[in-house]
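Reader: Before I use this model, I want the terms behind its labels. Please set each value against its cut-off.

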Amino acid sequence: MDPIKPRGRPPKAGSKGAFTKDIRLLMYGFGDEPNPATDSINVMEELVTDYITEMCHKASDVAKDRKVTVDDFKFILRNDSKKLARVEELLHMEQEIKKARQNFDVKDIDE
């Protein structure tokens with residue numbers, strides 16, 4: 001019988017475990033048990049890292065010789081209505097937070 005070989009690519013230096021805590025909490029939030037298996041977390045982390053890397057490469061290809069912008073990511077997601085809607089929602093919420101911070105005066109707290 002052949003020895004079991006680990007699947008996937010070897011971990012990159014410095015990136016191992018970057019999202020472990022967040023992924024564990026997300027998995028629990030979406031119905032997994034409170035302490036999911038470490039292998040499951042590692043697979044999910046690899047998938048997330050690969051997806052982010054792939055999206056950044058695609059955005060860079062769209063941008064060509066200029067800086068990558070949010071519009072480049074929106075262009076990539078134009079055929080995925082759910083993800084594009086989520087991006088729009090997050091951008092809108094960012095603007096709302098900026099407005100709320102502008103209206104908030106720190107001096108009022110000190111008094």
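**Labels and their cut-offs**

Author: Of the contacts in the chain with a separation of 6 or more, 30% are between residues 24 or more positions apart. Contact means heavy atoms within 4.5 Å. This is a predicted model: local features need pLDDT of at least 70, side-chain atom pairs count only at pLDDT 80 or more, and totals for chains, interfaces and linings use all residues. Residues are numbered from 1 along each chain as its sequence is written, and side-chain values use heavy atoms, with hydrogens and water left out.

Reader: What makes a run a helix, and how many helices does the chain have?

Author: Helices are DSSP runs of H or I with at least four residues; strands are runs of E with at least two; both are numbered from the N terminus. The chain has five helices and zero strands.

Reader: How do you know that the span of helix 2 is close to the one expected?

Author: The expected span is 1.5 Å times one less than the number of residues. Helix 2 (residues 38-63) has 26 residues, and 38 Å is expected. From first C-alpha to last, helix 2 reaches 37 Å. Just after helix 2, lysine 64 takes a positive phi of about 55 degrees.

Reader: Why is aspartate 72 called buried?

Author: Buried means under 20% relative accessible area, exposed over 50%, partly exposed in between (1.4 Å probe, protein chains only). Aspartate 72 has 2% relative accessibility, so the residue counts as buried. Aspartate 72 lies in helix 3. Leaving aside neighbours within four places in sequence, its contacts include Ala59, Val62 and Ala63. In helix 2, Ala59 and Ala63 are among the buried residues. The cover over the buried residues of helix 2 includes helix 1 (20-29) and helix 3 (70-76).

Reader: Why is isoleucine 52 called partly exposed?

Author: Its relative accessible area is 40%, so isoleucine 52 is partly exposed. Isoleucine 52 sits in helix 2.

Reader: What makes the side chains of aspartate 72 and arginine 66 a polar contact?

Author: A polar contact is a pair of N or O atoms within 3.5 Å; within protein, one must be able to donate a hydrogen and the other to accept it, and residues adjacent in sequence count only if both atoms are side-chain atoms. The side chains of aspartate 72 and arginine 66 are joined at 2.8 Å. That value is within the cut-off, so the label polar contact applies.

Reader: How much of the chain is buried?

Author: Buried residues make up 11% of the 111 residues.
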